[in-house]
Amino acid sequence: MLFNSFEFLFCFLPVVLFLFHIAHSRYSDIAAIKVLVCASLFFYGWWQPVYLLLLLSSIFLNFYLAKQIHRLRSKAITVFAVCLNLASILYYKYAGFLISSYSQLTGQDWHIEQILLPLAISFFTFQQIAYLVDVYRKGAIEESLLNYTLFVSFFPQLIAGPIVHHSSMMPQFSNSRLGIKSVNVAIGLSIFSIGFFKKTVLADGVAVYANLLFQQVDKGPVQPDFFQAWGGALAYTCQLYFDFSGYSDMAIGLGLLFGIALPLNFNSPYKALSITDFWRRWHMTLSQFLRDYLYIALGGNRLGNIRRYVNLFLTMLLGGLWHGAGWNFLIWGALHGFYLIINHGFSSIKHKLPLQFPSWLSRPLSWLLCFLAVVVGWVFFRASTLDGALTVLSGMAGLNGISLPAGIMAHLHFAKPLFEFAGITSNLNGGSVLIQTWLWSCSLIFIALVFPNVHDLFRHVLHAESKIKVSNSSNSVWNWQPTKRWAFLMAVMLLVGISTLGQISEFLYFNF
């Protein structure tokens, strides 16, 4: 079931809110939690009921293993439990990829029947691995199986995150914040509406132009030129951001409807001035997980610079593999590993360089370099094949020529000498698609860079710990307030989003 579907918006969510309110107001917190658990399991089972058994088995097994880790304080059991969780991901997500890769390398005819990837297996498995490690490290334990089940399966963040920690979630299941309250509903619906608009209007609107390029290069011998390749790559850059950022905002908004605060997952990553800053802003909960449970476990920066760089590279390589079973994901992760090594290496020597740029020049140059590096990485992330990615990158490098449709060239006849000097030729392709691609991409990049994000809009009503507080003070026109003007704006965004639901599209991160 998708957040951007009629059955979710007009059937599932209203019914769950009603039952949750009745259970909480007339009975108890435990009754309300039972409603949420049942709703979350139904939500997951809607996609493929048989894999509900996998989710429940994972929950019960990890709950029992955590008890043993807590009771015995055993590192061996912790390692066994983590390996057991990783084994499930290895089988369902990577078995086919590993066997086909082995067959290609050895020339042997090995194969395996296609395994349907269980929805959200990476997210709910990583979340439980973090819990198991924290039980061993910190001694914290959850005694209630019901609460633990909700912690893992809570439907707003079950499918694509954000990845949450038990220490921030468990206390919310048994205090006065749980329940439907007017301030929570006002903030939650506003954040949900923003995320819904991002997904259905912005991400889905630009998706057609990204798909046009990548489907062509993956299927056939198409050689996109400079403007086509950059247009499609930038379109996907925008689609991915507004798709996943929109999902994360919707998850936060839905959680608040029930009084449960989920962590922020995006903080305008395309405003980053370095690749390190980018990873502090993009998919923040995954970045924190990789740092806390992989990078630090490998030794972090405690063993010297060389080992630090190796750990950075391995962390990003495994982070790339986490996103999908394919060589392109490994290349994407390796690429970001190299980015981080270069970034940290340059940061350690830049103060020694004889030439120092003023901030008014260094900041835009830093942003441009970081943004272009990210766009190049997204090409590998999106393309289904390595040949397709290399084809797009060849076009972006100008190796397939630089041309514009003849119709566009005719309207820019005054710039003919400049075109001739730059080697820009004309072609017979239609110009409308190219213009729409670039208009969409440039507009969305402008929105991502200039407009405030959810953190900016709601920072005065959301604590750093994501706890809600009421505040009527406003020191900025962009501070959300419980007023008619803001209610009207959020309603318009929601209605515009609903009007686009004729053709449902899945969230991109559902594939990971």
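User: How many helices and strands does the protein have?
Analyst: This is a predicted model, and in it the protein has 21 helices and 2 strands.

User: What radius of gyration does it have, and what would a compact globule with 512 residues have?
Analyst: The protein has a radius of gyration of 24 Å, which agrees with the value near 24 Å that a compact globule with 512 residues would have. Taken along the principal axes, the box filled by the C-alpha atoms is roughly 80 × 60 × 55 Å.

User: OK, and what share of the residues is buried?
Analyst: Buried residues account for 51% of the 512 in the protein. As for the surface, the protein exposes about 24000 Å², and 67% of that area is supplied by carbon and sulfur atoms.

User: Which residues touch the most other members in the largest nonpolar core?
Analyst: That core has 148 residues, and the ones touching the most other members are Phe8, Phe278, Trp282, Trp378 and Phe458. Helix 10, which spans residues 226–257, contributes the largest share of this core, with 18 residues.

User: Switching to the surface, which residues make the nonpolar patch?
Analyst: Phe446, Val450, Phe451, Val477 and Trp478 make a nonpolar surface patch of about 510 Å². Phe446 sits in helix 19, which covers residues 431–450.

User: Why is Phe446 put down as partly exposed?
Analyst: Its relative accessible area is 48%, and partly exposed covers the range between the 20% limit for buried and the 50% limit for exposed, so Phe446 falls in that middle class.

User: Last one, where is Gly407, and how far is it from Leu428?
Analyst: Gly407 lies in helix 17, residues 406–411, and at 43% relative accessibility this glycine counts as partly exposed. Gly407 and Leu428 are 21 residues apart in sequence, while their C-alpha atoms are 8.2 Å apart in space.

Methods
Residues numbered from 1 in each chain as written. Predicted model: local features only at pLDDT ≥ 70, side-chain atom pairs only at ≥ 80, totals over all residues. Heavy atoms only, no water. Patch = residues over 30% accessible without salt bridge, like charges linked within 9 Å, V, L, I, M, F, W, Y side chains within 5 Å. Areas by Shrake-Rupley, 256 points an atom, 1.4 Å probe, with all protein chains shown as cover. Salt bridge = Lys/Arg side-chain N within 4 Å of Asp/Glu carboxyl O. Helix = DSSP H or I, 4+ residues; strand = E, 2+ residues; numbered from the N terminus. Buried < 20%, exposed > 50% of the residue type's maximum accessible area, 1.4 Å probe, protein only. Core = buried A, V, L, I, M, F, W, Y, C linked by side-chain atoms within 4.5 Å. Rg over C-alpha atoms; globule rule 2.2 N^0.38 Å.
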